[in-house]
Amino acid sequence: MPVRSYEEKDFDYLVEMDEKCFLHAWSPKNWESSLKMEQYRCYILEEHGTYQGFLLISEALDEAEVLKIGVLEEYRGNANGAKLLKRAFEQWKEDGIRTIFLEVRRSNVSARTLYEKMNFEEIGVRKRYYKNPIEDAVLYSCQQFPLEL
């Protein structure tokens, strides 16, 4: 399976992917501190030695949150985001997670479509949450894991 747990050797690639995927990428220091947190897990999508994407999640009790998910532009449209999320769902089932939360820019239609296909339901909006450009965040939750993983 091309999705695996983060390893220290991935750090520079992870930071680089974040910078390529997001206007407001995290600093290396933010990544370092997050990756040290016990409740955070990071997954890497790598095929044939090529880094293609990543997923950062957090867990607390029976809840989880998708903190960051990114797939490099040249690897989008091949269900790579779904591969990352499927790996997380496997972990969440194992860990007894019952509810997953995430937020996404209203304009990110491809991500929203993916989340909805994976049983996430829109639960609210944070007005003007994102900056540069200013945009609403759509909030999602999932309590019913996809049947096919």
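Glu 7 and Lys 9 form a salt bridge, with their closest N and O atoms 3.9 Å apart; the term means a side-chain nitrogen of Lys or Arg within 4 Å of a carboxyl oxygen of Asp or Glu. This is a predicted model, in which local features need pLDDT of at least 70 and side-chain atom pairs count only at pLDDT 80 or more, while totals for chains, interfaces and linings use all residues. Residues are numbered from 1 along each chain as its sequence is written, and side-chain values use heavy atoms, with hydrogens and water left out.

**Salt bridges**

- The structure holds 14 salt bridges.
- Glu 7 and Lys 9 also belong to a network of salt bridges that links them with Arg 4, Asp 10 and Glu 46.
- Glu 7 is partly exposed at 37% relative accessibility, whereas Lys 9 is exposed at 53%. Here buried means under 20% relative accessible area, exposed means over 50%, and partly exposed is in between, using a 1.4 Å probe and protein chains only.
- Another salt bridge joins Lys 68 and Asp 18, with 2.7 Å from N to O. This pair links distant parts of the chain, since Lys 68 sits in strand β4 and Asp 18 in helix α1, 50 residues apart. Helices (H or I, at least four residues) and strands (E, at least two) are DSSP runs, numbered from the N terminus.
- Lys 68 is buried, with a relative accessible area of 7%, and Asp 18 is buried too, at 0%.
- Arg 106 and Asp 136 meet in a salt bridge at 3.5 Å, N to O. Arg 106 lies in the loop between β5 and α4 and Asp 136 in strand β7 (residues 135–142), so the pair ties together parts that are 30 residues apart in sequence.
- Arg 106 is partly exposed at 33%, while Asp 136 is buried at 15%.

**The largest pocket**

- The largest pocket holds about 1,200 Å³ of space. On a 1 Å grid over the protein atoms alone, a pocket is an open set of points where a 1.4 Å probe fits, with protein on both sides within 12 Å along at least five of seven lines. Grid points are joined across faces, edges and corners, and the volume is the space filled by probe spheres set on the points.
- Its lining has 35 residues, and Phe 22, Ile 69, Val 104, Asn 108 and Tyr 115 lie nearest the centre. A lining residue has an atom within 4 Å of a point.
- Elements that give two or more residues to this lining are α1 (11–21), β4 (63–71), α3 (80–95), β5 (99–105), α4 (109–117) and β6 (121–130). The largest share, seven residues, comes from β4.
- By type, the lining has 18 nonpolar, nine polar and eight charged residues. Ala, Val, Leu, Ile, Met, Phe, Trp, Tyr, Cys and Pro count as nonpolar, Asp, Glu, Lys and Arg as charged, and the others, Gly among them, as polar.

**Nonpolar cores**

- In soluble globular proteins, nonpolar side chains tend to be buried together.
- The largest nonpolar core has 27 residues, of which Val 66, Phe 89, Trp 92, Ile 100 and Phe 120 touch the most other members. Such a core is a set of buried Ala, Val, Leu, Ile, Met, Phe, Trp, Tyr and Cys residues joined through side-chain atoms within 4.5 Å.
- Elements giving two or more residues to this core are β2 (40–47), β3 (50–60), β4, α3, β5, α4 and β7. Helix α3 gives the most, with six residues.
- Apart from this core lies another, of 13 residues, including Phe 11, Val 15, Met 17 and Ile 44.

**A glycine in helix α3**

- Gly 81 lies in helix α3 and counts as buried at 13% relative accessibility.
- Not counting residues up to four places away in sequence, Gly 81 touches Ile 69, Val 71 and Leu 114; contact means heavy atoms within 4.5 Å.

**Backbone features to look for**

- Most residues other than glycine have a negative phi, and most peptide bonds are trans.
- Asn 132 and Pro 133 are joined by a cis peptide bond, with omega about 0°. Pro 133 is in the loop between β6 and β7.
- Asn 119 is not a glycine, yet has a positive phi of about 75°. Asn 119 is in the loop between α4 and β6 and is partly exposed at 29%.
- Arg 128 also has a positive phi, near 55°. Arg 128 is in strand β6 and is exposed at 54%.
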